[in-house]
Structure formats: structure tokens, C-alpha cells
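Work through the exercises below with the sequence and structure at hand. Each task is followed by a solution in steps.

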Amino acid sequence: MMSPAAPVSALPVEDPYLERVREHVRALPESGIVEVMNYGRDRPGMIPLWAGEGDVPTPPFICEAAAAALHAGETFYTWQRGLPELRAAIARYMSALYGVPETPERYFVTGSGMQAIHVAVALVAGAGDEVLIPSPTWPNAAAAAQKAGARPVYVPFNYGPEGFTLDHDRLAAAVTPATRAIFLNTPANPTGFVATLDDLKAVLSLARRHGLWIIADEIYGRFYYGEEGRAPSFHDIMDEEDHILFVQTFSKNWAMTGWRIGWLEAHPRLGQIIENLIQYSTSGVAAFMQRGAIAALEQGEPFVAEQIARARRGRDLVGNALLATGRVDLVKPPGAFYLFFGIEGRRDVRSLGLTLVDEANVGLAPGTAFGLGGDGFMRLCFARGDAQLAEASRRLVAWLEGTRLERTPPAGSDAA
């Protein structure tokens, strides 16, 4: 049975001043993550595991490259598609990682991965169109579709002993004449789902069959805990003429969340259209930031390797501690850097997030912030230091063991 679509209805307007604001913009939801953050951010001793970022600042070699560019006067307008040197560095990086041809013309520098998503959505969907999004999912993807006037349609993952898996039949059944694109995040936030090559082949076949675009969010591709060293990618199976748009960011691999710089990968024939979309939104990314990004790509492999190893340790440290209580519904994820788990007897996760702030002094994000299928789950970011995660684990275990829990069936995709 086809899954329900994400709601796109605006709340009633009590302020007459807002009546002239477009309805689909008024309907953009408030962030359920930010609600918990605002509630707990000023608590003394709070351990904040609610946001999708680590606790390591951007390494000095990146900051120094940006500062040198500032001092050298690189403060003027620059290339709309990105500095040629950065686009070449991205091409080298992607070629080394995925074995693809080294083609700088495929890469476009954006003011964050989020802007790359907005550009990608603007290319393929608008009013009256639908974008399919496996869920639970990072809420910004659906919001980007909604902001463009399109209708985000959540397609629930399956959930079972192996964790979250893609339901190919459900995804195929969700395609309608209005469908224009499939947005697939793998490795996924918040579930840790990683698409197999068979999953990717099935999605690509579905897209080819119906003439759909694929927006591939593979920003956690390096945070993969299998033996291969990186997650499977559409790069492994695609043809040059496939209609796939890749969104990427410097935020996660190189600890640059606050820099707001990313890139979009697309067929070179889309180049002028993408340049126009960048020109008419931000007029390009600051040159000094791009110099820092070049340093990240050219000098950052040891740093990235340590970030991945650190995240793996964090996953095992917290995951093993929670599983040992016997009171959580948790499968340690194969990718990304989040635990997405249920606590027996606590289905109202919005209030649970606030309760954990008050009673455990640990900040987690409620699963309801991540769309259809998120009910009954909490998200914990484990991209943190060992000492902080050990203390967070101690607090959460103590809270779990001190809480009287009513036994309920495990949270699954159908029940959610």
C-alpha cells in the first residue's frame, strides 16, 4: 500500500500581516531538533548529542589556508561555479575515492550541502510535483522540496533485526504521474541505513523506467563501518547519461559545519543552469572559504581517517552500553554517526527528549523530527570524544535502570 505523503498544509493564520505569505512557505515545519536544543542548551553540565556534528573544531591547516587568503585580499566576487583550483581538487578527490574520471566540469561549489540540495530540487521539481523520500529522514530534504512548492512523499523504511532496510516494492508503488525525483540519503541520517549495491541498482532501474531524477545525498559515504572503506555509491553503477545529482558537503569529513560550504555534482551539460541558480541566490562562495576547502581536500586524509575511527569507537561505546541494559530497541548502524533507537514503554519521544534533558542531562533528538516512521525512536550523535560519550552512556544507563518501564512491542516501521 502506498505510504501517505508528508503534510503540506499551512496552519491557520491569526496574524493578518502573514496572510499574504505563500501558504506552502508558512507550512514549513519548525525543527523538532531545535526545540530540544533550545530547551537544554543552557543547562550546566549538559552533554549535547542532539545535533549532527562532532565536537572537534576545524583543524588548523584548513583555518590557516583561509586566513592566508583573507590576508592576501581574496575578498572580492569570485567564480560562480567555484574557484577552478577547488573544482579541480574536488575532481581529484572524487576520482581517487570512486574511480570516476577526473572531470572538474562536473562539480559546482555551493554555500553548504543544504544549498546544493536546494539547487538540485530547483532543477527537477516545483509546484504540483512530487519527490519520493525514504523515511525516517533528515527533515531538511523534505522541507527543500516543500519550499520549492513540490510535495515530499515519505516512503517508510522496513525495520527489523538487521535495522532499517529499503522497501523496493513500497518505493515503486509510491511513484505517480506527478513524481519527478527520488531523494536517497545513504549512509542515512538518522537511521544509519546504508544502501547495498543491489538497493542502488533497484533505485536506478526504477528511475530509468519512469524517467525520474535521483538526488543522491552521499555526504556520510566515508563514515562507513564495513570492510570496503567507503559506502556503496551510485558512482559504482551509473552511466554517464543517467539523471543523477549528487549533493556533498565539507561539514562532516573535515569538521567544517559552521563554514557552510559544499558542492553539487551533475552532468556538465547542466553547468550554465546551475551557475544561474547559484548566481541568483548567493552569487558564489567566498574565495577565502574555498581556499580552506582546497586545503581540506589536499591535506586532510589523516584527519578524516581519525574522524572515522573516532566515530566507530563512539558507536561501539554507547551502543554496547545501551544494549547491555536490555531496555532499548537498537541495531548498531553500518554507517553515518547516529544511533536511532527506541526505549521500551516510551513512545512519546517528543516529551522523552525533554525528560532526558531534565533527568539525565543528556540531549537527544526525538525521532518525530525525522518524518514518517520516526515515532518511538531517539537519535543520538556519537561523533564525540570517548570521555564525553562514556559519561553520556553512564547517565543514560543509570536513567534507564532507574526508570520503571512498561513492556511494549518493539518500535517498527509499520507501527510507526
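**Exercise 1.** In this predicted model, R208 and D242 form a salt bridge. State how far apart the closest N and O atoms are, and find where the two residues lie in the chain.

Solution. The closest N and O atoms of R208 and D242 are 2.7 Å apart. R208 sits in helix α8 (residues 197-210), while D242 is in the loop between β8 (213-217) and β9 (244-249). The two are 34 residues apart, so the pair links distant parts of the chain.

**Exercise 2.** Decide for R208 and for D242: buried or partly exposed?

Solution. Buried means under 20% relative accessible area, and exposed means over 50%. D242 has 12%, therefore D242 is buried. R208 has 45%, therefore R208 counts as partly exposed.

**Exercise 3.** Classify the two partners of the salt bridge between E306 and R313.

Solution. The N to O distance in this pair is 3.5 Å. E306 is at 38% relative accessibility, so E306 counts as partly exposed. R313 has 36% and is partly exposed.

**Exercise 4.** Which residues are linked with E74 in a network of salt bridges?

Solution. E85 and R291 are linked with E74 in the network. The structure holds 22 salt bridges.

Terms used: Residues numbered from 1 in each chain as written. Predicted model: local features only at pLDDT ≥ 70, side-chain atom pairs only at ≥ 80, totals over all residues. Heavy atoms only, no water. Salt bridge = Lys/Arg side-chain N within 4 Å of Asp/Glu carboxyl O. Helix = DSSP H or I, 4+ residues; strand = E, 2+ residues; numbered from the N terminus. Buried < 20%, exposed > 50% of the residue type's maximum accessible area, 1.4 Å probe, protein only.
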